Every structure is written in structure tokens, then in C-alpha cells.
Amino acid sequence: MSQFIVFFGFARKGNELGYIKKHPWYRSRGYLHFDRPISFENAKKIVTSPKKIASHSFYPLINYSVESKKIKQDKRTGIIKTKHKKRPIAYSSHVDSHIYAYYSNFLINLYEKELVKRGISDSVLAFRSLGKSNIEFAYDAFVKIKEFGNCGVVALDLSQFFDKLDHKILKQQWSKLLGSEYLPADHFNVFKSVTKFSQVEKTSLYNLLKISSNNPKNGRFRVCPPKEFRNNVRKSCLIKTNKAPFGVPQGSPISALLSNIYMLDFDEKMHHQVNAFGGTYFRYCDDMLFIVPVENRDEIAGIARTEIKSLKVDINTSKTELRTFTSNVKGLKSDKPLQYLGFLFDGQNIYLRSTSLARYSERMRKGVRLAKATMRKRNKIKSVRGENQKSLFKNKIYKKYSHLGTRNFITYGYRAANIMDSKTIKKQLKPLWNKL
């Protein structure tokens, strides 16, 4: 039996820690899927029954892609190049999401105890309720480098991390966390659902079922009833199943935790190896940072590469950084600025990445252009009607693209500047107001 008790606890909203209700695994979701949203009581009857979970049939994920721009500056010529990148997003059905969240809540308790047991709680940063954001994590790393003085720093990034997780390794790590040689039937069914997952592309699905993308709900509580799912969707050949022996869907309520469980042995090995050199090791999801004496820099990089290879995941060589920090009468200085979690550090000053600023400037320019086009279109109609024309609505623009807003890149930047006590970040942000 793998039934377990849900405790009062804490959860993270954004990057903040807050007290939550008695059942942290349950969250009402309003999106359309193959099933209807269900109440807490009905969800509880399902998730607390290992027998039901063991025989549960998981629905396909619904997936779509969000296109984003990736701006990169050529280090040799200084030319900024723009590359379009598609980011896949997949989401599970209502009941499936509750199951994943429930099992994630159970496993996180075991995982946290395991981190303490292995003495590596301070090394693993992402997907835990630590009450910190990437700003604090980056700043902590930069402070460690300053305290260390003369040191070598290795920054490694894993390529397509979630897409490469090996199923056999994941199953072994999951079983070990449970203290078992094999996964119990309910855990095994959950494991199968996130490894041999199936998904259907949202636009194609909506076209098949004649659902409007602009107003999909329109009185609907689900994408389609079970009979139509069996007779129409299943027979349409739209459902694609992951047949590879690797990969888990990024975005399900359990995927992030599973990636941490997958890396447990690696984190322990690297933590103790770096400690033997008198250094510090941090991992934030697929971003790893090793701070060691200068003479051990290349050695720790080689050890990390060997261990990563055994995990059957790939290092993104274009993001690998080997840096040397040296102290002199003027203070600490790096041979090249270190890039970590969206920030640059040269030993003295902390900066936002220039590509982040360029990307935000581009979004701001497009946003203002769209607002002006909307104003002209509306005023044209008003002119035909003989009504008074209106000027540009600036409040929304200011909230979205300036320090007058609450949650945007500028407010994030100023928050980082305050936490890190960085005058250089404030100096970087200042011209954006005049540009707006």
C-alpha cells in the first residue's frame, strides 16, 4: 500500500513562500480538457486510493507552442542576431493533474528528507519551497565567489533537459526514493503516464471538434464527452505517443520534482567532490555552477562532464563557461564576466544580460506600436461617427513597460538591483524610461 497522509504545509506562489490550506495538492483549474473540473471531495476519493490509481487511464496531454525571439550578440562582430524559438507547452486533464500533484506532494517530503540525509540541501535550488527567487540564488553565488577570492568557476547548462531524461534511470531513482526495489502498482502507473505520455495538438484538436479558438468554452465544460473522445479523437490519428526510452513532458505538476529526483546521485557526487576541493556547488534545474580553487577548475569540469554523460543527458556546449577570478589591489576581477541565472558578474559589478534588455526593448517597441495602431483605428471610426477623438491610453503602456507597473521586466530589474545592491543594473534600466 502506498497510501499517504497530506499535511498542512507551505507552497510557493511565484517565488514567494506562503501558508496554504490543508490540501496543497488540490487546485481548481478552469481550462478546457477531455474531462470536467472536479471537486476536492471527488478528487480525494480518487487520489487516496492506490487501487484506483493503479488502474487509472490517463488522458492525452493537450499541447501547443509559444513562439519567442531569442536575441544573441555575436562576440566577434558585436552584431545582434534574432532567432525565433518555439517553446512547447502541454497540460494534463483535471483528474490527471490532481493525481500528479498528490503524488508530487508525497514524493517531495521523501525528497527533502533525502537531501538532508545526504547533506546536499544547500546545493539544489530549483523547484523547492525555499522562499527565494533566481535573483537571490544568483546573488548568493556571486557573494560566495567574492568570499572565495582567487577561484575558478565552471558554469554548465544541460540541453533539452526534460526531453532527455532516461526512463530506466528515472525509474531506478524513483524506486530508491521509496526505499523499494520496484515501484508499487500505483506509482508505476503514474510513472508510465509521464514517460509513455501521449499528447494531441490543440489547434488540430479544436479544428476536428469545431471549437472556436477565440471563444472555446462557449457553454462547454469539457472538450468532448468520453464517447466522442473514443469514436472521434482516438480514430483521428491526432494523438501522438512518446515511444522513445527517454523524455518527460515539461509542465505537468510532477515533472519538475522528477527532474530533481533524477539528479539525486549526481548532486551528491558533485557536492562532495567540490567540498573535497574546499569549494561550493549549486544546481538550479539544468544550470550548474562549481566554485573551486583555480587549480581545480578544469579537473572539476572534467569530472562533471563524465558524470553527466552517465546520466544520458547532453551539455549545451555553447553555454559552458570556464572563468578565473583573481584578487588584486583593485579588488576581485574575472578574466571574462560570468553569466548565471540571467545575470552577469565580473568580480565587482552585477549586470542584466544585454540580450535581455534588447529583447525587452523590442517587446516595448512592438507594444507601443500596437497601442498606436489601435488608437488610430478607433479614432477613424469615431471620426466617421462625428465623435471626439481620444488620445493614446498610456496607463496600460506604463504599467506594462515601466517602473509604474507591478510585474514586468523593469520592476524585476529594479528588484534585482535593490537585492543585489547593484548601481550598474539601475544604470542599465534608466535609459528605457526615456525610450518609452
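Buried denotes under 20% relative accessible area, exposed over 50%, and partly exposed in between (1.4 Å probe, protein chains only). Helices (H or I, at least four residues) and strands (E, at least two) are DSSP runs, numbered from the N terminus.

Beyond its neighbours within four places in sequence, Leu-107 is in contact (heavy atoms within 4.5 Å) with Trp-174, Leu-177, Leu-178, His-187, Ile-254, Leu-257, Leu-258 and Ile-261.

In helix H1 (residues 40–47), the buried residues are Phe-40, Ala-43 and Val-47. They lie on the same side of H1, because they cover an arc of only 65° around the axis, taken from the directions from the helix axis to the C-beta atoms. These buried residues pack against helix H2 (50–54) and H3.

Arg-353 occupies the loop between strand S15 (350–352) and helix H13 (354–385) and is partly exposed, at 22% relative accessibility. Setting aside neighbours within four places in sequence, Arg-353 contacts Gln-339, Gly-342, Phe-343, Leu-344 and Arg-359. Arg-353 and Gln-339 are 14 residues apart in sequence, with a C-alpha to C-alpha distance of 8.0 Å.

Residues are numbered from 1 along each chain as its sequence is written, and side-chain values use heavy atoms, with hydrogens and water left out. As the model is predicted, local features need pLDDT of at least 70 and side-chain atom pairs count only at pLDDT 80 or more, whereas totals for chains, interfaces and linings use all residues.
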